[in-house]
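Here's a quick briefing to read alongside the structure. Have the viewer open and follow the groups below in whatever order you like.

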Amino acid sequence: MAALDSSQLDQLVEKLKTDYQALLREVRDELENTGDQHRIDLLNSEPGDSGDESMANALADFNVAQLDRHVQSLRDIEAALQRVRNGEYGVCTDCGDDVSFARLQAYPTAKRCIVCQEKREREYAQEGHPKM
Ligand SMILES: [Zn+2]
């Protein structure tokens, strides 16, 4: 990790850990929210009674999707901290170049340098997901 000196690395690790704690708090909050009365009423209603069993499913799916995003973010941070331990943090996984400190400050979990990231996004756009 030639591009980062130890104080820069410390700063980024600190940010990763802070983000991680914040995400864990959000996941906990959301799990507690799944106990909210509206959802309980919906889930407790007899099938066919309110006539809307699929509503409960939709609500459950929504919560899972929310949690999935957080879980994915937690995994990204864990992977970044693992790269720190392995001495691979701040090195582009595609080309092996240094990822700039400025980019890591904006995206502490960035795995790729900006050149490789943009290349990937261009390829993704060409697969039928135009950005404009
Ligand atoms: Zn690269």
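The zinc ion sits in a tetrahedral site, with angles of 105 to 115° among its 4 donor atoms. Keep in mind that this is a predicted model. Four cysteines do the coordinating, namely C92, C95, C113 and C116, each through SG and at 2.3 Å.

**Zinc site**

- Along the chain, the donors of the zinc ion are spaced as C-x2-C-x17-C-x2-C.
- Is C113 buried or exposed? C113 counts as buried because its relative accessibility is 8%, under the 20% cut-off.
- C95, at 39% relative accessibility, counts as partly exposed.

- D94 pairs up with R112 in a salt bridge, with the closest N and O atoms 3.2 Å apart.
- D94 lies in the loop between α3 and α4 and R112 in the loop between α4 and α5, so this pair ties together parts that are 18 residues apart in sequence.
- R112 counts as buried, at 13% relative accessibility, whereas D94 comes out as partly exposed at 44%.

**Salt bridges within helices**

- The count of salt bridges comes to 3.
- Why are D19 and K15 separated by about one helical turn? Because they are 4 residues apart in helix α1.
- Both ends of that pair are partly exposed: D19 has 28% relative accessibility, and K15 has a relative accessible area of 33%.
- K119 forms a salt bridge with E123, again with the closest N and O atoms 3.5 Å apart. Both residues lie in helix α5, 4 residues apart, which is about one turn of the helix.
- K119 is partly exposed at 45% relative accessibility, and E123 is partly exposed at 37%.

**Q8 in helix α1**

- Q8 has its place in helix α1, which covers residues 6-33.
- With 18% relative accessibility, Q8 counts as buried, since the cut-off for that is under 20%.
- Which residues is Q8 in contact with, leaving aside its neighbours within four places in sequence? Those are A3 and F101.

Terms used. Residues numbered from 1 in each chain as written. Predicted model: local features only at pLDDT ≥ 70, side-chain atom pairs only at ≥ 80, totals over all residues. Heavy atoms only, no water. Helix = DSSP H or I, 4+ residues; strand = E, 2+ residues; numbered from the N terminus. Buried < 20%, exposed > 50% of the residue type's maximum accessible area, 1.4 Å probe, protein only. Contact = heavy atoms within 4.5 Å. Donors = N, O, S within 2.8 Å, 3.2 Å for Na, K, Ca; no water. Tetrahedral: all angles 85-135°; square planar, octahedral: opposite > 155°, others 65-115°. Salt bridge = Lys/Arg side-chain N within 4 Å of Asp/Glu carboxyl O.
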